[in-house]
Amino acid sequence: MGSRGAWARPELLALLAGAWLWVGSAQPAAPGPTAGPGPTRGPGPALQFRLAGYPRKHSEGRIEVFYNDEWGTICDDDFTLANAHVLCRHLGFVAATGWSHSAKYGKGIGRIWLDNLNCGGSEKSVGDCRHRGWGNSDCSHEEDAGVICKDERIPGFKDSNVIETEQSHVEEVRLRAVVAGARRRLPVAEGIVEVRYKDGWAQICDEGWDGKNSRVVCGMLGFPAERKVNRNFYKLASKSGPKHKHRQAVGSKKRLFAERQQLNYRLHSVSCAGTEAHLSLCAFDFYRGNASAACAAGMPAVVSCLPGPLFAAAAGAHKKKQRQQQQQQGQQLRIRLKGGAKVGEGRVEVLKSSEWGTICDDRWNLLSASVVCRELGFGSAKEALTGARMGQGTGPIHLSEVQCAGTEQSLWSCPFKNITEEDCKHAEDAAVRCNVPYMGYENLIRLAGGRTASEGRVEVKRGSKWGTVCSDGWTTKEAMVACRQLGLGYSLHAVTETWYWDASNVTEMVLSGVKCEGHEMALSHCQHHGANLNCKNTGTRFAAGVICSETASDLLLHAPLVQETAYIEDRPLHMLYCAAEENCLSSSARLANWPYGHRRLLRFSSQIHNNGRADFRPKAGRHSWVWHECHRHYHSMDIFTHYDILTPNGTKVAEGHKASFCLEDTECEEDVAKRYECANFGEQGITVGCWDLYRHDIDCQWIDITDVKPGNYILQVVINPNFEVAESDFTNNAMKCNCKYDGHRIWVHSCHIGDALSEEASKRLEQYPGQLNNQIS
């Protein structure tokens with residue numbers, strides 16, 4: 001048995017976090033220009049380096065240095081990639097691919113040894129770089145620097161630590177299911193807790209194990225809460241005789257398959273507060289040396305987790321519990337995630353005074369992020385993201401300096417400050433990445449034939465057979481689901497002809513009729529034909545394909561400008577020949593006595609912002625852009641917006657029109673350069689942080705209301721209505737205003753983005769349960 005002591009935590013971290021890189025005794029076998037120098041020696045003591053923090057891969061983390069018999073961190077002030085190169089070589093990697101600031105991998109403890117570090121990149125030791133002096137720093141641990149090293153070892157570099165290759169489907173902590181049926185079903189929500197140790201798995205002794213420990217384990221594995229487990233039920237599993245298999249009926253449904261396994265206890269006396277993001281952050285002891293007599297009075301720790309609503313059905317939750325969860329979810333949450341590519345990630349938005357708004361990232365940390373994640377039915381937070389890493393929101397910024405203790409049931413129970421726009425900008429919107437249960441969906445899909453790992457023909461596994469997907473009806477919505485299932489982010493393009501990709505290893509078609517709503521976690525969750533395929537063309541070149549991207553644009557109409565600029569104009573027909581040619585008038589205009597008479601037009605300005613993380617680019621290449629002689633420019637998209645007038649019950653009264661424009665950067669935020677302009681057959685698009693302004697006085701920037709009778713109406717503008725170009729969030733593409741028209745004048749008021757208000761407020765404003773946005777649902 002070991003005793004609790006200062007040595008416990010580093011060894012457990014090495015065990016759990018899958019590789020603290022201890023490089024104290026590292027020595028290159030064959031010194032050379034690329035070999036790692038090992039400990040730095042000089043006038044002072046030898047330096048040692050390690051990577052720490054969570055969550056991370058084995059080649060990245062908070063950089064820590066051992067100096068003067070004490071571990072400490074490095075401040076991110078003036079940190080550069082050159083610094084990271086030198087530090088990664090100390091750790092045995094050939095180079096760095098990036099670095100992180102603001103304690104991305106968690107805050108360290110102890111001294112901050114280096115500040116204002118300034119390496120050229122070629123130094124053999126960090127001690128040769130310029131800095132303020134050892135231990136001389138004006139930083140806090142909130143500024144701890146991290147490094148991301150290239151996953152390639154320096155040849156001959158000897159390391160005292162075994163570096164394990166991280167695989168996406170293997171967690172450092174897992175639940176091993178031992179109940180029949182549960183072994184084959186995902187997610188695993190109940191079982192024996194095991195930790196990765198060397199090339200296998202080890203158990204934890206359950207002496208002193210309590211619900212707080214279980215809560216931490218469940219959170220890591222993607223579950224919002226723990227539940228009581230029948231400990232006696234599992235005693236058979238740990239005490240059964242060698243080579244002997246027992247079966248025990250539990251109720252009428254469960255059978256325990258408890259085959260004696262050689263237990264390998266590593267940890268005991270684990271004591272968590274319940275708010276930790278990872279088991280490695282709890283207090284603990286571990287067994288040393290021969291642990292054959294370990295845990296004599298106990299058994300392996302067993303945990304049972306309560307799945308969130310999204311995963312309850314898959315986990316085989318009791319129907320009563322499922323109903324309760326669905327009812328709770330039905331009561332509209334006052335919190336949501338927006339703009340994330342994967343389930344369980346996104347910008348955090350909260351509902352206050354019937355209006356959705358964002359959270360400022362001041363003091364945003366894993367404790368607060370975990371409260372958000374658990375409230376939404378996921379596990380604890382993997383990352384608390386700052387700096388609008390999931391795109392900028394719109395509307396008010398409701399909260400700042402949120403400081404949760406981690407035990408709260410809702411974010412609204414946490415202390416926070418109300419905020420004004422002067423205090424915070426949307427560039428500081430907080431976001432989260434939550435732990436979600438492992439479902440194995442990525443093992444049922446793959447890409448083939450593409451030029452890169454993020455593109456190719458989609459192949460899915462049906463039973464034991466891999467095959468292609470029919471591209472009939474294959475749109476951005478289906479491609480979004482495919483990229484999400486692959487873990488490759490957003491869909492940049494839904495490809496319906498894949499003749500230009502390698503077809504040397506083509507499989508036959510196994511899936512057709514796929515129709516997704518866009519939010520599904522896997523293609524198998526979408527509607528599709530069964531065993532009887534029905535595809536117009538089963539040829540290889542017509543198989544469905546995708547090009548995925550880690551980032552996407554996000555277009556948003558500036559609603560107040562529509563309200564400020566709306567007015568009526570009676571425009572003479574002789575000035576509308578171009579507009580008629582481009583179908584910007586109602587069909588009744590064809591019957592008018594041209595060139596005499598006029599059309600009544602509702603005019604307004606449209607200012608379309610790109611708040612995403614990638615430029616908005618038209619899907620079509622220049623070769624297929626259409627030249628419009630009247631307006632003397634190219635249109636890069638057939639339909640970019642829909643303009644409509646609706647009755648309060650949602651019926652269209654004015655035909656409106658489907659507008660296509662030339663896309664360009666009219667204006668940009670400070671420090672953002674314009675990239676796109678229409679003149680001279682220029683490149684078209686909208687840069688991140690820029691907007692395209694269509695003034696009220698240009699052709700087609702209107703709705704023809706000549707035939708509309710006086711009354712109350714709704715003006716609706718929908719951007720990118722056919723999902724032709726991928727965006728990170730389609731739910732904010734519709735804008736609506738209330739209109740009162742008396743036959744002579746029009747009053748446009750209450751303009752808002754379709755999903756900016758609570759459901760009740762939207763219904764109150766619009767008085768009908770019609771289209772509130774163009775959400776994929």
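Visitor: In which sense do β20 and strand β21 pair, and over how many bridges?

Guide: β20 and strand β21 (residues 417–418) pair in the antiparallel sense over two bridges. Strands here are DSSP runs of E of at least two residues, helices are runs of H or I of at least four, and both are numbered from the N terminus. Two strands pair if DSSP finds at least two bridges between them. This is a predicted model, in which local features need pLDDT of at least 70 and side-chain atom pairs count only at pLDDT 80 or more, while totals for chains, interfaces and linings use all residues. Residues are numbered from 1 along each chain as its sequence is written, and side-chain values use heavy atoms, with hydrogens and water left out.

Visitor: Which residue of β21 does S400 stand opposite?

Guide: S400 stands opposite K417.

Visitor: And how does strand β18 pair with β20?

Guide: Strand β18 (residues 355–359) pairs with strand β20 (residues 397–400) in the parallel sense, over two bridges. T358 has I397 as its bridge partner in β20.

Visitor: What else does D665 touch?

Guide: Not counting residues up to four places away in sequence, its contacts (heavy atoms within 4.5 Å) include K674, Y676, I686 and W691.

Visitor: How many residues are in the largest nonpolar core?

Guide: The largest nonpolar core has 34 residues, and F604, L715 and M735 have the most contacts inside it. Such a core is a set of buried Ala, Val, Leu, Ile, Met, Phe, Trp, Tyr and Cys residues joined through side-chain atoms within 4.5 Å. Among the elements giving two or more residues to this core are α9 (559–565) and β40 (711–719). A second, separate core of 26 residues includes V371, A381, C434 and Y441.

Visitor: Finally, how many residues of helix α2 are buried?

Guide: Eight of the 10 residues in helix α2 (residues 81–90) are buried. The cover over these buried residues includes β1 (48–52) and β6 (146–149). Just after α2, G92 takes a positive phi of about 95°.

Note on methods:
Buried < 20%, exposed > 50% of the residue type's maximum accessible area, 1.4 Å probe, protein only.
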